[in-house]
Amino acid sequence: MTEEGTVIEALEARVERRSGRRDFFRNAGLAVAALGAGAGLLASARPAAAQTAPTDADVFNFLLNLEYLEAQYYAFAVNGAGLAAAQLTGTGTQGAATGGRKVTFADPLVAQYAHEIAADEAAHVEFLRLVLGANAVAQPAIDIGTDAGGAFSTIARSAGLVGAGQSFDPYASDENFLLGAFILEDVSVTAYQGATALVTNKALLESIGGILAVEAHHAAMVRATLAAKGVATPALLDATENLSGARDALDGASDRDQGVRPVGGASNVAPLDANGLAFTRTPAQVLNIAYLDRTAVAQGGFFPAGVNGTIKTSAAN
């Protein structure tokens, strides 16, 4: 067999394995959803004695809102169209994802990363909806557009990437797309890290850990690519540091968020604490960033009408 034939067979085998993993992921979701329906694992009702504690269904629906946002951003960037209509229904007020468009990628590697992440995020939406079953919330209104008053432009202005009254277009170039992804991915990792402390069912906690690992891989791909491109274009490193500062200004007094500028002689692909641990955000802190507001509000930023579900208010910072 020729070397070319061996490579092709290896690639085909990898595709089959990847498809198999996705099928297993979906089937696992069906099994958990069935278990939840039969045993009440994701019942939406709250016990009378625990009115302030979020249920597992509350937590999963909170994460589903975030997955809608990520999945729509990547879907538009790679396909020029959003998720299928069947993936958007549920309880609460359904809204549209507006402003997204296809990116004309110049770097084949960035395009490959974008397609991979888009497929993964769509799978996360499908999985969470399967686990939640009839309790799944609908996609809320999502702003992923390029208007000067939109979410991407607002945080870009606060980070000094664009001037007053100017807009930021995350679909205009590979670099802008990566910065848009950087805004979302790091927050997603901290959201799932925070969710691990809230989910009580062990089987469901394992699935949260699985998605957390994938989101961390996504964030690392984005951060590593920005770091590599930042060698020739240091302004990209400055942009990540400024966006990191903008996120830090929203989620409270702590200074944990990090850009991708190298520290000493080491890269900073993985934003960790002194113990080598990823930091966490509460759902309310995540919503501070999603709503682009450091006060206690129930809408704004990427979710103009708020998220669906019971976890919907940001923290008073």
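**View 1. The whole chain, and how much of it is tucked away.** A residue counts as buried when its relative accessible area is under 20%. By that cut-off, 48% of the 317 residues in this predicted model are buried. As for who touches whom, take the contacts with a separation of 6 or more: 70% of them link residues 24 or more positions apart.

**View 2. The run of helices and strands.** The chain has 8 helices and 2 strands. Walk along the sequence and you read α-α-β-α-β-α-α-α-α-α.

**View 3. Helix α6, end to end.** This helix covers residues 202-232, which makes 31 residues.

**View 4. Zooming in on the start of α6.** Here the pair to look for is N201 and A203. A side-chain oxygen of N201 comes within 3.0 Å of the backbone nitrogen of A203.

**View 5. The second largest pocket.** Its volume is about 240 Å³. The lining is made of 19 residues, and those closest to the pocket centre are V189, A216, A219, P271 and A278. Two elements, α5 (174-195) and α6, each give two or more residues to this lining. Which of the elements gives the most? That would be α6, with 5 residues.

Key. Residues numbered from 1 in each chain as written. Predicted model: local features only at pLDDT ≥ 70, side-chain atom pairs only at ≥ 80, totals over all residues. Heavy atoms only, no water. Helix = DSSP H or I, 4+ residues; strand = E, 2+ residues; numbered from the N terminus. Expected span 1.5 Å × (residues − 1). Polar contact = N/O pair within 3.5 Å; in protein donor to acceptor, adjacent residues only side chain to side chain. Buried < 20%, exposed > 50% of the residue type's maximum accessible area, 1.4 Å probe, protein only. Contact = heavy atoms within 4.5 Å. 1 Å grid on protein atoms, 1.4 Å probe; cavity = no way out; pocket = protein on both sides within 12 Å on 5 of 7 lines; lining within 4 Å. Points joined across faces, edges and corners; volume = space filled by probe spheres on them.
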